[in-house]
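Here are a few exercises to work through with the model open in your viewer. Try each one before you read its solution.

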Amino acid sequence: GFLQSQIPSSVRLIVWAAGEQSTQDGVLDKAERDALAAWLQLGGGRALLLSGSEVTWALDKQGSKASADWLATWFGARYGDDDAGVYSVAPAAGAALAWAGGSFDDGDGHAYDVDWPDVLSLVGASALLEYGGNKGIAATRYSVGGATTMLLGFPLETVHPTATRRGL
């Protein structure tokens, strides 16, 4: 795996783009989860952004108790639903974001059609983004042990145009 050795303590930000990885491909095996947890436990303002349309489906809904608990412990979130049914996101009510919102790929050729963007359920985290049409929570933010985690229920790399993705 990618994280066979410990992550250097000098690293302050990790962006983990899981895309559409799911149960068949594997999303964060135990060694990767353990390495990320050890790194997050160092605190010191570290931040982990995890994005993907099947992360909560694979780790919580279809995963083991250990993977579901890891998700809840480090992201304050769980699986809510398997498909938001929309391709737009906007700041959640009360979220202090300067970003106005945008959309991710619906198959228009920009990246790839995001088939089943996960709807997230809060278990301690704050909602950052909501899916359009009141379809549920699309992204969360969580503070844990001096670190911050963010979870996106859709792949970050599919947000378009590029300027909108950079804004996010």
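Start in the loop between β5 (102-104) and β6 (119-122), which is where Trp116 sits. Keep in mind that this is a predicted model.

*Exercise 1.* Find out what the phi of Trp116 is, then look for the residues joined by a cis peptide bond.

Solution. Step one: phi at Trp116 is positive, about 105 degrees, even though the residue is not a glycine. Step two: go to His160 and Pro161, whose cis peptide bond has an omega of about -5 degrees.

**A helix pair**

*Exercise 2.* Work out how helix α1 (residues 30-40) packs on helix α3 (residues 65-75).

Solution. Step one: the angle for α1 and α3 is about 20 degrees, and their axes are 12 Å apart. Step two: angles under 35 degrees count as roughly parallel, so α1 and α3 are roughly parallel to each other. Step three: the crossing of α1 past α3 is left-handed. Step four: from α1, Arg33, Leu36, Ala37 and Leu40 meet Ser67, Trp70 and Trp74 of α3. Sorted by class, this contact has five nonpolar residues, one polar and one charged.

**The largest pocket**

*Exercise 3.* Describe the lining of the largest pocket by element and by class.

Solution. Step one: the largest pocket holds about 170 Å³ of space. Step two: its lining includes Leu49, Trp99, Met150 and Gly167. Step three: β7 (126-131) and β9 (147-152) are the elements giving two or more residues to this lining. Step four: by class, the lining has ten nonpolar residues, one polar and no charged.

Methods
Residues are numbered from 1 along each chain as its sequence is written. This is a predicted model: local features need pLDDT of at least 70, side-chain atom pairs count only at pLDDT 80 or more; totals for chains, interfaces and linings use all residues. Side-chain values use heavy atoms; hydrogens and water are left out. On a 1 Å grid over the protein atoms alone, a cavity is a set of points where a 1.4 Å probe fits but cannot get out, and a pocket is an open set with protein on both sides within 12 Å along at least five of seven lines; lining residues have an atom within 4 Å of a point. Grid points are joined across faces, edges and corners, and a volume is the space filled by probe spheres set on the points. Helices (H or I, at least four residues) and strands (E, at least two) are DSSP runs, numbered from the N terminus. Ala, Val, Leu, Ile, Met, Phe, Trp, Tyr, Cys and Pro count as nonpolar, Asp, Glu, Lys and Arg as charged, and the others, Gly among them, as polar. Axes are lines fitted to C-alpha atoms, for helices over the stretch in contact, and angles run from 0 to 180 degrees between N-to-C directions. Angles under 35 degrees count as roughly parallel, over 145 as roughly antiparallel, 65 to 115 as roughly perpendicular and the rest as oblique. A crossing is left-handed if the near helix is turned anticlockwise from the far one by less than a right angle, and right-handed if clockwise. Contact means heavy atoms within 4.5 Å.
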